[in-house]
Amino acid sequence: MFSIPLTDDAQLFPLEARHAEEFFAHIERGRAFIGQYVPFPDRSPDVESARALLATYAVKAGEDGARFFGIRLDGTLVGGVLFPVFNAATGNCEIGCWLEPAAAGRGLVTKACRVLIDYAFGERGMHRVEWHAASANKKSLAVAERLGMTREGVLRQNHLHRGVRQDTEVWSILAPEWAAATSA
């Protein structure tokens with residue numbers, strides 16, 4: 001199986017429909033925490049819906065679009081990162097993340113996002129990587145900042161999640177900025 005080491009005990013790998021049971025077990029462990037800002041728990045109430053979600057991303061990846069990756073810590077799926085938007089024609093993409101509480105505070109999301117950004121800029125020639133997060137999601141915003149992204153603004157009450165309108169912060173980094181930061 002294809003995977004990229006993040007640390008001695010953590011790996012990044014493509015999440016596929018065949019991982020549905022593992023993904024569902026992970027979502028069950030972190031459902032309340034992950035679901036605060038991320039829609040996957042609500043879209044995965046059982047194994048079959050988890051399989052359908054993963055299959056949808058596999059189709060999108062096959063069309064050179066969105067992609068879904070898992071993070072395993074000591075062999076257990078604990079979170080992931082994704083390209084919810086990936087448009088090679090325009091050179092723009094967006095990355096995002098989620099993590100169950102037991103794996104928080106280890107830098108896994110930041111490391112995994114660096115792999116995705118390196119791929120987007122280095123291998124795919126993207127020009128811009130965006131990060132969208134609820135203004136209340138301070139941990140997610142801290143990742144964007146650690147990645148060297150610039151906060152561009154706030155989309156006020158633009159996102160309806162669980163019946164509540166949330167503000168969304170938009171952050172980004174451009175290819176020349178990433179190149180300068182990673183070569184220093």
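The exercises below concern a predicted model and are followed by worked solutions.

Residues are numbered from 1 along each chain as its sequence is written, and side-chain values use heavy atoms, with hydrogens and water left out. Local features need pLDDT of at least 70, and side-chain atom pairs count only at pLDDT 80 or more, while totals for chains, interfaces and linings use all residues.

**Exercise 1. Confidence**

State the average pLDDT of the chain, and find where confidence is lowest and where it is highest.

Solution. The score pLDDT is the predictor's confidence in each residue, from 0 to 100. Its average over the chain is 96, and 99% of the residues score at least 70. Confidence is lowest in H2, with a mean of 93, and highest in strand E6 (residues 128–134), at 98. Helices (H or I, at least four residues) and strands (E, at least two) are DSSP runs, numbered from the N terminus.

**Exercise 2. The geometry of H1**

Compare the end-to-end distance of helix H1 with that of a straight helix, and locate the bend.

Solution. Step one is the span. Helix H1 covers residues 20–34, which is 15 residues. The expected span is 1.5 Å times one less than the number of residues, and a straight helix would reach 21 Å. The end C-alpha atoms of H1 are only 17 Å apart.

Step two is the bend, defined as the angle between axes fitted to the seven residues ending at a residue and the seven starting there. H1 bends by about 50° at Glu28.

Step three is the packing. Buried means under 20% relative accessible area, exposed over 50%, and partly exposed in between (1.4 Å probe, protein chains only). The buried residues of H1 are Ala20, Phe23, Phe24, His26, Ile27, Gly30 and Ile34. They pack against helices H2 (40–43) and H3 (47–62) and strands E3 (67–73), E4 (76–87) and E5 (92–99). An α-helix has 3.6 residues a turn, so residues three or four places apart point the same way.

**Exercise 3. Cysteines**

Solution. A disulfide is a pair of cysteine sulfur atoms within 2.5 Å. A search of the whole structure finds 0 disulfides. Cys113 is buried, at a relative accessible area of 0%.

**Exercise 4. The surroundings of His161**

Is His161 buried or exposed, and which residues does it contact?

Solution. His161 lies in strand E7 (residues 150–161). Its relative accessible area is 6%, so His161 is buried. Contact means heavy atoms within 4.5 Å. Leaving aside neighbours within four places in sequence, His161 contacts Gly35, Gln36, Tyr37, Val38, Pro39, Asp42 and Gln166. A polar atom of the His161 side chain lies 3.4 Å from the backbone oxygen of Gln36.

Methods:
A polar contact is a pair of N or O atoms within 3.5 Å; within protein, one must be able to donate a hydrogen and the other to accept it, and residues adjacent in sequence count only if both atoms are side-chain atoms.
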